[in-house]
Amino acid sequence: MDESSALIESILREEDENVNHDDDSGWQTVKYPKRHRKTSNKLPESFYDYQKFQPNGEKPDVFRSIEQHSEERLRRALEAQKVEPLGESKQRSDEEDDDSDADLSGNADNAETRAKKLKQKKPKKPKITVSEAASKIDASNLESFLVEASVSYESQQDIQLMRFADYFGRAFASVSASQFPWMKILKESPVMKMVDIPLSHIPEAVYKTSVDWINQRSAEALGSFVLWSLDSILADLASHQGTVKGSKKVVQQTPSKSQVAIFVVLAMALRRKPEALITILPMLKENPKYQGQEKLPVTVWMIVQASQGDLVVGLYMWVQLLLPLLGTKLGSNPQSRDLILQLVERILSFPKARPILVNGAVRKGERLVPPSALELLMRATFPPTSARVKATERFEVVYPILKEVALAGSPGSKAMKQVAQQILNFTFKAAGEDVPELSREASDIFIWCLTQNADSYKQWDKIYVENIEASVVVLRKLAGEWKDYAVKHPSFDPLRETLKSFRQKNEKALAGGEDATHMASFKEADKHCKAIMSRLSRSTGCLKKTVIVSVMLAVLTTLVFPNIQSLDWKKLSDSFNLP
């Protein structure tokens, strides 16, 4: 009977649809679109095969059952009309419930998604400043660590220094780059403030413990450590620069764990052992890796740290590494020139800087300001009028002390004679140039060379005719300021012989019929030679008289005071104004 039941259900559904369509009373059965299932209007083939529903082949009274069911359906429909039509509102409620359920389901899904996202976000760590991290360093703990490192690596000072850097690396590991943007700080800070970066945050006890330990390390090991630290800083600089010029590839560099720590340990090493910076000077001068506009602030920062420990080392590094840049394209940049000048101004502004630098004018047999550096300084301080810039006035301020350091030394010593020979050549050339201020300064230094080495007169005599304009400038200065220069000459004999030679050459040139310009120069030179020789004669006569008077006083004193050994000769000579 299963097949009969299926057939009946199919017919009932078809009739049910017809009733709903034929009902003109306005009542309609509402269908749910989401739950509506399409039914085929085509009856199954077995619907017309009535015989197969009965095993004996008799025709079943199927239609009677259908009619009864139809009547029942009609009765229920009439009764439903009498009841308040709640079907439509109920359906709407059902749909709203469905929508509400869908919304709730959607909201739940969204809430779950947001919750997952919130779980994925890591909580923000509090920003730690350099000062806060530094304040947490315990000096006693650091001392214990350094003692242990020194014992563990007793014969390997390079490893000891690496362990020292690693200790501060861990101490400042929580300090982000945003809390210590060192490139921006060095670029925007004047040298006066640059000197305190970043050691101003380090507790005094920690600093003292560190520098005392550093002082026990060798200069060689510290030199390697300084170079390693510098390489780490420049690697970080390269990583922030992004791409290299002419290349689209990004330069991948691995920066140090903490740049704050590198700057801290490097500053302490340079302050305690400034000479470590000198050990790497050849590499800094020759390797392009350490040169360039973007690296200049780092170089200045290192030198100013070394200056805190030793002014002589600071000025030496400035003269050797930065002063030569003034004659290059980099030195012509106003910002670079300003930074270079700030550094030397800082060095010379230290208390007692002048006596310290003059006394240290020669360091291990090497001049603090060699002749070549003096020439650069002289030309930067006394340029042609058209080439003057704002920085010229600043050079005029620092030049006198730097010149004094360049000319400092024991008068008449072998070393000073060599220095005088080197300086004489470029000053004589500059004295003949058509730049009045430069010419006056150069001629003044040239005369100083004459007082230091008698051989300088011979050298002057050789180049006299070819450089008659420069010779005229020097002779004019000697004649006009003789009183000042006379006291500086240890002996007048070399000058007298040289002037005689000049006069002979002047007479020969004038007799030979030189061109009008040179004729005027030789005439003026000969006039100054005569004037100087006249003064020399008077000075020699006065000197002879002084000697005779001194001898006579000495003899008289011996006769008047028999017990001559008990006299104070210094007081006696002062009383009689003896030389």
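**Getting your bearings**

Search the whole structure for disulfides (pairs of cysteine sulfur atoms within 2.5 Å) and you'll find zero. Before you click further, know that this is a predicted model: local features need pLDDT of at least 70, side-chain atom pairs count only at pLDDT 80 or more, and totals for chains, interfaces and linings use all residues. Residues are numbered from 1 along each chain as its sequence is written, and side-chain values use heavy atoms, with hydrogens and water left out.

Now switch to a cartoon view. The chain has 27 helices and two strands; these are DSSP runs, numbered from the N terminus, with helices being H or I over at least four residues and strands being E over at least two. Of the 579 residues in the chain, 38% are buried. Here buried means under 20% relative accessible area, exposed means over 50%, and partly exposed is in between (1.4 Å probe, protein chains only).

**Stop 1**

Select C449 and C529. C449 is buried at 0% relative accessibility, and C529 is buried with a relative accessible area of 0% too.

**Stop 2: charged pairs**

Side chains of opposite charge can pair when their charged atoms come close. A salt bridge here is a side-chain nitrogen of Lys or Arg within 4 Å of a carboxyl oxygen of Asp or Glu, and the count comes to 19.

Pick E345 and R394, whose closest N and O atoms are 2.9 Å apart in a salt bridge. E345 sits in helix α16 (residues 334-348) and R394 in helix α19 (residues 390-407), so this pair ties together parts 49 residues apart in sequence. E345 is partly exposed at 28%, and R394 is partly exposed at 24%.

Next, select K403 and E441, which form a salt bridge at 2.9 Å, N to O. K403 lies in helix α19 and E441 in helix α21 (residues 436-452), so the pair ties together parts 38 residues apart in sequence. Buried or exposed, these two? Both K403 and E441 are buried.

Then highlight R163, D166 and R170: salt bridges that share partners join them into one network.

**Stop 3: a serine in α21**

Go back to helix α21 and click S439. S439 is buried, at 8% relative accessibility. Which residues does S439 touch, not counting those up to four places away in sequence? They are A430, A431, E433 and V473, where contact means heavy atoms within 4.5 Å.

**Stop 4: rings**

The structure holds 14 aromatic pairs. Rings of Phe, Tyr and Trp (its six-membered ring) pair if their centres lie within 6.5 Å; planes under 30 degrees apart are stacked, over 60 edge-to-face and the rest tilted.

Show F145 and Y167: their ring centres are 4.9 Å apart and their planes at 40 degrees, so the pair is tilted. F145 belongs to helix α5 (residues 139-152) and Y167 to helix α6 (residues 157-171), so parts 22 residues apart in sequence are tied together.

Finish at W213, where the charged end of R217 sits over the ring, 4.3 Å from its centre. A charge counts as over a ring if NZ of Lys or CZ of Arg is within 6 Å of the ring centre and within 35 degrees of the ring normal.
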